[in-house]
Each structure stands twice: as structure tokens, then as C-alpha cells.
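Open the model in a viewer and keep the sequence panel beside it. The stops below are meant to be selected in order.

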Amino acid sequence: MSAQPSPCMNPQQQQSEQEKVYQWINELAHPDTRETALLELSKKRETDLAPMLWNSFGTACALLQEIVNIYPSITPPTLTAHQSNRVCNALALLQCVASHPETRTAFLQAQIPLYLYPFLSTTSKTRPFEYLRLTSLGVIGALVKTDEQEVITFLLTTEIVPLCLSIMDSGSELSKTVATFIIQKILLDESGLSYICQTYERFSHVAITLGKMVIQLAKEPCARLLKHVVRCYLRLSDNTRARKALGQCLPDQLRDGTFALCLQDDKSTKQWLQMLLKNLELGNTPQQIGMSPLGS
């Protein structure tokens, strides 16, 4: 299988680029040449780079070795910018594999995402850690973006939901946005919505986190992040018990026009918010005192 360089290149240039890609993939197997190879390959976006990486001898192991080598720098948090950049180049290649239809299933079967979870559980606010978390989220985001049932089925057997909720609670704006997008994509799947609404504990964790985000967004608006938050709320309102609970706990800021200015140019999010409020109005039936509408 060959790489596909830019069509603007002449055949000789294309062959030269292909040979470079082959050489860099081979160099991943050798510790002394791996760092440069990681850097160069992470810049490539050929459509069939993923199968080449996954099917070449020792490459997946080399990428996992890069990840595992960073674990000692997580606790205590001593990760340097150089270490972070290097492992993030390896993660960029894994994201390529996660995105490709020919390699995605094998990627999940090998449970590669689990190797990234220690990075998602870090809390250090330094730039090397923030870059590491964001790049790791990018790999999971690439998986859920495919809208494949097998992706959601896999993720629901792992700790991705609480990990994302933790980042939504205390991460940077960009990390919060990607983490909320992942939760949104999980909710949009029927099995994901059912999973989160199955017990009051799961639902309340999601609802409390979203509520905190709304309060923070009222102070520091971010239209892109708000869009994902509203979409999560709207999807939750598709579940009967969740809809009743949201009727009681939806933040006032989503009802009183707080975000009117922020959403003035975002027709889709304004429409989602209107649909959400309508759903809650229709589902707002009196609850028996002391009864949780999502009691397990």
C-alpha cells in the first residue's frame, strides 16, 4: 500500500515522498532515529498512512513504548515540554490510526485508548500536561467522530465518561470543548444515552458538571463550548426520566436570555436551546416529594 502525496507533485517527487515515508516508518523501530521519524510522520496526512503504520512490523509497539515511557513523569508531575512534544507526535499517529476505517476496529480490539487514560487523569495546569491531555482527547474525539456503534460500545466499557467530566469541570477552555464533544457524541448514541440515564448517580454527575459549565460560561462566554453543552442538554431531554429531572435542575442562565448575545449569530444552537426549553415545558409534570426522577 502506498502513500498518496499531493497531486501537485510530479511522479518523481511523489516517489521521493513515498520513500521518505517508508524510511521514517522503518526508523520508528530504532530508538536512536525514532524521535525525528515521529516528528516527520506526524506532519503527514496521507489517506493511507494509518494502514501503513498499523501493518508495519513493530510500529504499534514503538508508539506504545513512547506512551509508556512518559508514565513515570506523570506522578510526580515532572513532564517537560520536550517530552510532551515527543509523545504527542506519537499520539498524532495513533489518532491517524483511530480515524481510518481499515484500522479502527483493530485499534479498539487492541484496547489502545486505555493507554491514554493516565494522561487524561492528570491535573497539572502546566502547558506540557495541557498539551498532553488535549492531544489524548483528540484521539478519542477522532474515534467518536466516526459515529460507529463499535466505538461507543467500547468506550462505555471504560472510564471515559468520568474522565471527560473531570476535564469539563477543571480543564482549559479547549480541553473542555473536546471533552464535552466526546460526551455529546456518546449521548447521541442510543446506548450512550441509556447508559448515562440508567442510574441517578450517572445522570447527576453529568447534569451537575454541565450546570457548572453554564455558570462559568455566563461569566466567560465561549460560543463553541456553549454549543456542545446545549446539545448535551437537548439530547438528555430525549430521555423521559432525564427530562423530568432537568425540568428541576436546568440552570436559570439557559432560560433567562443570558446567552442571547453569545448566540445571536448561531442559529443552530439557538434552535437547540428553544427545543430544549420546549421539551422541558412539555415534560414538566409534578414530582412526588422525595422521589428522584432518575432513581435506579
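In which loop does Gln-111 lie? Select Gln-111: it lies in the loop between helix 6 and helix 7 (117-120). Helices here are DSSP runs of H or I of at least four residues, strands are runs of E of at least two, and both are numbered from the N terminus. Before going further, note that this is a predicted model, in which local features need pLDDT of at least 70 and side-chain atom pairs count only at pLDDT 80 or more, while totals for chains, interfaces and linings use all residues. Residues are numbered from 1 along each chain as its sequence is written, and side-chain values use heavy atoms, with hydrogens and water left out.

**Backbone stops**

Stay on Gln-111 and check its phi, which is positive at about 55° although the residue is not a glycine. Most residues other than glycine have a negative phi, and most peptide bonds are trans. Gln-111 is partly exposed, with a relative accessible area of 39%; buried means under 20%, exposed over 50%, and partly exposed in between, with a 1.4 Å probe and protein chains only.

Next, select Asp-147, in the loop between helix 8 and helix 9. Asp-147 is not a glycine either, yet its phi is positive, about 60°. Its relative accessibility of 56% makes Asp-147 exposed.

Pro-76 is found in the loop between helix 4 and helix 5.

**The whole chain**

The chain has 296 residues, of which 49% count as buried. Taking contacts (heavy atoms within 4.5 Å) between residues at least 6 apart in sequence, 71% join residues at least 24 apart.

The protein chain exposes about 14,600 Å², with 52% of that supplied by carbon and sulfur atoms; the areas come from the Shrake-Rupley method with a 1.4 Å probe, and for residues only the protein chains shown count as cover.

Colouring by charge picks out 27 positive and 27 negative side chains, and the centres of the two sets lie 6 Å apart. Lys and Arg count as positive and Asp and Glu as negative, while His and the chain ends are not counted. Each charge is placed at NZ of Lys, CZ of Arg, CG of Asp or CD of Glu.

**Salt bridges**

Side chains of opposite charge can pair when their charged atoms come close. A salt bridge here is a side-chain nitrogen of Lys or Arg within 4 Å of a carboxyl oxygen of Asp or Glu, and the count comes to 12.

Select Arg-34 and Glu-66, whose side chains meet in a salt bridge at 3.2 Å, N to O. Arg-34 is in helix 2 (residues 31-42) and Glu-66 in helix 4 (residues 59-68), 32 residues apart. Both ends are buried: Arg-34 has a relative accessible area of 4%, and Glu-66 has 5%.

Glu-35 is partly exposed, at 32% relative accessible area.

Move on to Glu-148 and Arg-104, which form a salt bridge at 3.9 Å, N to O. Glu-148 is in the loop between helix 8 (127-144) and helix 9 (149-155), and Arg-104 is in helix 6 (residues 104-109), so the link spans 44 residues of sequence. Glu-148 is partly exposed at 35%, whereas Arg-104 is buried at 7%.

**A histidine to finish**

Select His-228 in helix 14 (residues 223-236). His-228 is buried, with a relative accessible area of 14%. Leaving aside neighbours within four places in sequence, His-228 is in contact with Thr-177, Thr-180, Phe-181 and Gln-184.
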